[in-house]
Structures are given as C-alpha cells and as structure tokens.
Amino acid sequence: MAVILSVLQHSSCPQNIVFHFVTSAAANVSFLHTTISSSFPYLNFQIYPFDDASVSRLISTSIRSALDCPLNYARSYLANLLPLCVTRVVYLDSDLILVDDIAKLAATPLGDNSVLAAPQYCNANFTSYFTTTFWSNPSLSLTFANRKPCYFNTGVMVMDLDRWRNGDYTAKIEEWMEIQKQMRIYELGSLPPFLLVFAGNIVPVDHRWNQHGLGGDNFRGLCRNLHPGPVSLLHWSGKGKPWARLDANRPCPLDALWAPYDLLQTPFVLDS
C-alpha cells in the first residue's frame, strides 16, 4: 500500500499507471481487491494469483528463511502470468517507496536486444554471490566468459516481457535452480539465478532509482544510512522492514521516510 501511494503521489500522470499485483495462490484475492479498491477507488489494477507448485520444487534453502518464500520467485514468471498484451513493465518489490515520477524510470531505453534495465553496482564483490563450488567448476563459471558481470538488485527492474518470452528466460533461470538443487552454487535465494542469466547484459540505470539495503543485512537488519547522491527510490531490502520496526516502536531514523506512506495505523508516533 505504501508503494502504491508513493507512486501515485509523485506521478505527473497517475491516471496512466496500471498496477499488476502478484499474490500467492492461497491469498484471499477478493479481500485484497476490496482493500486496494477502498483505499484507492480509481486505481487501475489487476491481481494475478501465483501458483507456486512448479517453483516450490526448485527452491533451495538460503541464508534467511524469508528469502525462500515462493512469491520471491514470482518475478521470474511475470511473462507467463501477465497477458501477452503487456509487453513492458517496471517490477517493484513491496518494501520500497518512490519519491520521483515512475514514468522516468519506465521510459528507460532498452536498446535493440536488452531484456532488463536496473541500477548495477560494479564495485560490489561479485564473486561473493556464488560459492567456491561454482567458481572452481569451469563448466559453470565460464557462463560469465565474454561478459563483465556486475551485481544488480532485482527489487527494481524495467523488463521487456516480449523479449523475455522470445528468449524463454524463465526456463534459463529454472535450469540454474535445477543445478543448485544438485550442488550448492549460491546462498541467496532468487537473486543468483538472475545474475547468472543477466549480469553483464543489462542496461544500467542511475543508482538514484534503487537506494537499497535500508533494511540492513540478511542477519541482523541493523540501521543504515542513505548512500551518497540523489534519491528517487528508497528500498528497505535486507532483514529489517520499516513497518515491523515502527510497529515495535523501534524505528531506524530512515523509517521516518516510510511512515507517511504507511496507511496502516501504527501505535508509534514520530516526533515532528
């Protein structure tokens, strides 16, 4: 709900935005539809239940149990879930808010061949996202040959679904998940398969569009500061979530930026 409100408030043409919500198949879709409609009566949206039966058998345990939720893998299946007439989307996680016009991000040119655009971080230690088993096996590690792979966060992506469908990228991601079931080649849930398939082949987007890591690391979720530079999107990736910290009356300083967009009443009152 916070994401929706932040997108609408900062959009120059909110009437042009269509939201596509992916939910678990077990969710009460009718209740969700009513909740969204009552909060945003004029919102143009669709809800797509995600049958996780096919992906559940491919999920390996990761360093944090929350990362093993099948819904985290739904981004790999958007081209199958959404109608064929939907050819391009901006994928957003639910633990973020925008403070800029999403139309700017949506207009990112993808060139002649690219499937994805996202902020990428080439100063990050890319080798740490995969195990020594992966790097010591040439038949696996050579997948990055002739590429200059960089880490990117999959919580914010511009996606060309037509190109995704034509390239059958869901199957490519599933192939790496199958290998992970046979030998431990990574530790971090749904991110590494995306890196294996796309790292080095995405269109880079300005870092302002994903100030991520505000939820801390995957173990303790400690408070963090903003990265230097301008900000268009704040992303509480990591263990610590702003709504949980606000409800527990133990917010981090940056959680005050989330609070105005959180439509759920909280017992915690921020000092003005």
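## Basis of the description

Residues are numbered from 1 along each chain as its sequence is written, and side-chain values rest on heavy atoms, with hydrogens and water left out. Because the model is predicted, local features need pLDDT of at least 70 and side-chain atom pairs count only at pLDDT 80 or more, while totals for chains, interfaces and linings use all residues.

## The open sheet

Four strands, in the order β3-β8-β5-β9, form an open sheet with mixed pairing; strands here are DSSP runs of E with at least two residues, helices are runs of H or I with at least four, and both are numbered from the N terminus. Two strands pair if DSSP finds at least two bridges between them. The edge strands are β3 and β9 (203-204), each of which pairs on one side only.

Strand β5 (residues 116-118) pairs with β9 in the parallel sense over two bridges, and Ala117 has Val203 as its bridge partner in β9.

## Met157 in strand β8

Met157 lies in strand β8, which covers residues 156-160. Its relative accessibility is 1%, so Met157 counts as buried, a term that means under 20% relative accessible area, with exposed meaning over 50% and partly exposed in between (1.4 Å probe, protein chains only).

When neighbours within four places in sequence are left aside, the residues in contact with Met157 include Val89, Val90, Tyr91, Leu116, Ala117, Ala118 and Phe194, where contact means heavy atoms within 4.5 Å.

## Helix α1 and its cover

Helix α1 (residues 2-9) is mostly covered, with six of its eight residues buried: these are Ala2, Val3, Ile4, Leu5, Ser6 and Val7. Among the elements that cover the buried residues of α1 are β1 (18-24), β3 (88-92) and α12 (255-258).

## Helices α9 and α10

The axes of helix α9 (residues 169-182) and helix α10 (residues 191-198) come within 9 Å and cross at roughly 120°; axes are lines fitted to C-alpha atoms, for helices over the stretch in contact, and angles run from 0 to 180 degrees between N-to-C directions. α9 is therefore oblique to α10, since angles under 35 degrees count as roughly parallel, over 145 as roughly antiparallel, 65 to 115 as roughly perpendicular and the rest as oblique.

In this contact, Tyr169, Lys172, Ile173, Trp176 and Met177 of α9 meet Pro193, Phe194, Leu196, Val197 and Phe198 of α10.
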